[in-house]
Amino acid sequence: EESKQNSTTEAPKQNNTPEAPKQNSTTEAPKQNNTTEESKQNDTTKNITTDSTAPTATEIKQIQKTTPSVGNVTETKSSSNKRNVKLKWKKVKGADGYQIYRSTKKKKGYKCVQTITKGSTISWNDTKVKNGKTYYYKMRAYKKNGKNNVYTKYSKVKKIKVKK
């Protein structure tokens, strides 16, 4: 085996071809594999830290301090005379979307009834209301932060009674 290794090593030296570094790198192959794995890890880290869509710390703090304001909550009728509730709000600067919550009680029982994925949207119609019932609405905006979202505070609760 030693004579084979020597003859392999000597042949490229005699020919003076660029294959010699390839043979030398064969013994260093595990280092190259490790380097590749390390560079993959570094690339992953770079993607996380330099992702242009990730919000800055200042943007995150701004979103967390913001409280959205639900402006109008009005009752409307659809073309089939079914009652709806329309919510309107002011756009939250830097928001990627909104979550709207509804309850039939003012202090508890809120469930997310709609997630809006466009920050430019400023209204929504709730078509799942029943005539004669009172509903309470609140909402919050969010900013995407990688796999997680950063949320604003909840808005003040708005009340509306749907006509019979």
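Residues are numbered from 1 along each chain as its sequence is written, and side-chain values use heavy atoms, with hydrogens and water left out. Because the model is predicted, local features need pLDDT of at least 70 and side-chain atom pairs count only at pLDDT 80 or more, while totals for chains, interfaces and linings use all residues.

**Strand β3 and its partners**

Strand β3 spans residues 97-103. Strands here are DSSP runs of E with at least two residues, numbered from the N terminus. Seven of the seven residues in β3 are buried, where buried means under 20% relative accessible area, exposed means over 50%, and partly exposed lies in between (1.4 Å probe, protein chains only). In a regular strand the side chains alternate between the two faces of the sheet. Both faces of β3 are covered. G97, Q99, Y101 and S103 are buried on one side, and Y98, I100 and R102 on the other.

β3 runs antiparallel to β6, joined by seven bridges. Two strands pair if DSSP finds at least two bridges between them. Y101 stands opposite K138 in β6. β3 also runs antiparallel to β4 (residues 111-116), with five bridges. There, Q99 has T115 as its bridge partner.

**The open sheet**

Three strands form an open, antiparallel sheet in the order β1-β2-β5. β1 (70-77) and β5 (123-126) are the edge strands, each with a single partner, so one side of each has no neighbour in the sheet. Neighbouring strands are turned by 20 degrees against each other on average, direction ignored. Axes are lines fitted to C-alpha atoms, for helices over the stretch in contact, and angles between N-to-C directions run from 0 to 180 degrees. Six bridges pair β1 with β2 (residues 83-89) in the antiparallel sense. V70 stands opposite W89 in β2.

**Aromatic pairs and charges over rings**

The structure holds three aromatic pairs. Rings of Phe, Tyr and Trp (its six-membered ring) pair if their centres lie within 6.5 Å; planes under 30 degrees apart count as stacked, over 60 as edge-to-face and the rest as tilted. Two of the pairs are tabulated here.

| Pair | Centre distance | Plane angle | Class |
|---|---|---|---|
| Y101 and Y154 | 5.4 Å | 75 degrees | edge-to-face |
| Y142 and Y151 | 6.3 Å | 55 degrees | tilted |

Y154 sits in the loop between β7 (148-151) and β8 (158-161), so its pairing with Y101 in β3 ties together parts 53 residues apart in sequence. Y101 is buried at 9% relative accessible area, whereas Y154 is partly exposed at 35%.

K138 contacts two rings. Its charged end sits over the ring of Y110, 4.4 Å from the centre. K138 also lies over the face of Y154, at 4.3 Å from the ring centre. A charge sits over a ring if NZ of Lys or CZ of Arg is within 6 Å of the ring centre and within 35 degrees of the ring normal.

**Salt bridges**

The whole structure has two salt bridges, each a side-chain nitrogen of Lys or Arg within 4 Å of a carboxyl oxygen of Asp or Glu. K143 and D96 meet at 3.9 Å, N to O. K143 lies in β6 (residues 134-145) and D96 in the loop between β2 and β3, so the pair ties together parts 47 residues apart in sequence. K143 is buried at 13%; D96 is partly exposed at 22%.

D126 and R102 meet at 2.6 Å, N to O.

Notes
Helices (H or I, at least four residues) and strands (E, at least two) are DSSP runs, numbered from the N terminus.
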